[in-house]
Amino acid sequence: MTDARAINAALRKGEDPSPAELNWFAHGLADGRVSAAQAGAFAMGVCLRGLSEQGRVALTLAMRDSGHVLDWDLDAPVVDKHSTGGVGDCVSLVLAPMLAACGVYNPMISGRGLGHTGGTLDKLEAIPGYSVAPDETRFRQIVQDVGCAIVSASANIAPADKRLYAIRDVTGTVESLDLITASVLSKKLAAGLQSLVLDVKVGSGAFMKTADDARALAKSLVATANAAGCPTTALITDMSQPLVPSLGNALEVDLSMQVLTGKLEGPLLELSVDLGAELLKTAGIQGGEAKLRASIASGAAAERFGKMVYALGGPLSFVEDWRRFLPEAPVIREVAASGSGVVTAIDGEILGLAVVDLGGGRRVETDQVNPSVGLTEVVRLGAKVARGQPLAVIHAAREEQADAAAEAIRAAITLGDAAPQPVPLTLERVA
Ligand code: URA
């Protein structure tokens, strides 16, 4: 009889469990036959010993098949983008409605905070009433009516990932090429996509810290997704600093709304356009960049976002007046630089963990996320800072938490003499 102990013992010896065993394990994650301790040991076993390429594919397909695999009969391509995770990465909030406004359908099954990175679902839950867990019928209806819906893996769709993801978040077992591949693609393949673009992040705020590791992950994701029948490409993108200067759930929603309503340009808009254009091209749609930019200028993308929020339980007038609805932290204060110089390095992982410690993420699975906390106005690489000038603004629930965050921010930001060479947002394409 298949048993979690035998599966974990095989992993410990560096052997792949068989596809049948991985299938049993994925179903066991979904229906509770596998305990949290067994799942934690499994994740650590995979992290430490790795799977073969066949093992990685088998785990991905087993996790996809732990629930329903959707299929669609719609009048335009069904597409999606997914990121491997980074600090201040709120592209999903901006891109899903942009894609819907361009006439394609985007059923986006997203994740919560993972390790030091924020989660799209936690960000959306900062919007009062927004439910990330509609039933499957409602999810399908919203995708059909609005063009996009950003929701959670569920008891029906990729439930094995829903459970393993939460366990990886708090057990130091995120940074595994095998587990990231299976996690990302089980959700995406279960959504029944016709094309996918992956945003593989590299740098201090990502899980992959080197170009070689990011390339290996991009190749693994692209090969596995295409082998499973979903036309997929990946862009390797820069995470040597947070994508945006605001980190934290409500704070990133605020920034995304500024971009969606055409009030703010910069890296978030540019990366959303790069990824969207790549995806539309894979889906056979030409002129993607112009269409995506037009969706912002015309207000169509913001309108789609508003419809999605309302359909999922949020306020009807969210887009017109979003700040009225987003929670604010009681303690808001600047962190002053203790020296002078040019910002030469930013450790995104330290900043991300500072947001988790402020209450913006989880240290154990049962932690409640505080949507209001985080950082804003984080300085950018190359900025000149004089002693006493602000490095960032902290939004905290309590003074002592703000003190700890201030120390982390000073440790995360290096001041030196010469500005670093600017790097492009999109570094490589993997097809
Ligand atoms: N996004 C996911 O869905 N899973 C991971 O493991 C990392 C990023």
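Rings, a helix crossing and a buried threonine

Modeller: In this predicted model, Phe139 counts as buried because its relative accessibility is 1%.

Biologist: Which aromatic residue does Phe139 pair with, and what kind of pair is it?

Modeller: Phe139 pairs with Trp72 in an edge-to-face arrangement, with 6.4 Å from centre to centre and 80° between the planes. The two residues belong to distant parts of the chain, 67 residues apart, since Phe139 lies in helix H7 (residues 136-146) and Trp72 in the loop between helix H4 (53-64) and strand S1 (79-83).

Biologist: And Trp72, is that buried or exposed?

Modeller: Trp72 counts as buried, because its relative accessibility is 12% and the cut-off for buried is under 20%.

Biologist: What sits over the ring of Trp72?

Modeller: That is the charged end of Arg140, which is placed 4.6 Å from the centre of the Trp72 ring.

Biologist: How many aromatic pairs turn up in the whole structure?

Modeller: A search of the whole structure gives 4 aromatic pairs. One of them joins Phe25 and Phe42, which are stacked at 4.1 Å centre to centre with 20° between the planes. This pair also connects distant parts of the chain, with Phe25 in helix H2 (residues 19-31) and Phe42 in helix H3, 17 residues apart. Phe25 and Phe42 are both buried. Elsewhere, ring pairs join Phe305, Phe318 and Phe325 into a cluster.

Biologist: Back to H3, then: at what angle does it cross H8?

Modeller: The axes of helix H3 (residues 36-49) and helix H8 (residues 159-169) cross at roughly 70°, and they come within 10 Å of each other. The two helices are therefore roughly perpendicular.

Biologist: Which residues make that contact?

Modeller: From H3 the contact uses Ala36, Ala39, Gly40, Phe42 and Ala43, while H8 brings Arg163, Leu164, Ile167 and Arg168.

Biologist: New topic: where is Thr233, and is it buried or exposed?

Modeller: Thr233 belongs to strand S5 (residues 232-238), and it is buried, with a relative accessible area of 7%.

Biologist: What does Thr233 touch, leaving aside its neighbours within four places in sequence?

Modeller: With those neighbours set aside, Thr233 is in contact with Leu196, Val197, Leu198, Val222, Glu278, Thr282, Arg429, Val430 and Ala431.

Technical notes:
Residues are numbered from 1 along each chain as its sequence is written. This is a predicted model: local features need pLDDT of at least 70, side-chain atom pairs count only at pLDDT 80 or more; totals for chains, interfaces and linings use all residues. Side-chain values use heavy atoms; hydrogens and water are left out. Axes are lines fitted to C-alpha atoms, for helices over the stretch in contact, and angles run from 0 to 180 degrees between N-to-C directions. Helices (H or I, at least four residues) and strands (E, at least two) are DSSP runs, numbered from the N terminus. Angles under 35 degrees count as roughly parallel, over 145 as roughly antiparallel, 65 to 115 as roughly perpendicular and the rest as oblique. Contact means heavy atoms within 4.5 Å. Rings of Phe, Tyr and Trp (its six-membered ring) pair if their centres lie within 6.5 Å; planes under 30 degrees apart count as stacked, over 60 as edge-to-face and the rest as tilted. Buried means under 20% relative accessible area, exposed over 50%, partly exposed in between (1.4 Å probe, protein chains only). A charge sits over a ring if NZ of Lys or CZ of Arg is within 6 Å of the ring centre and within 35 degrees of the ring normal.
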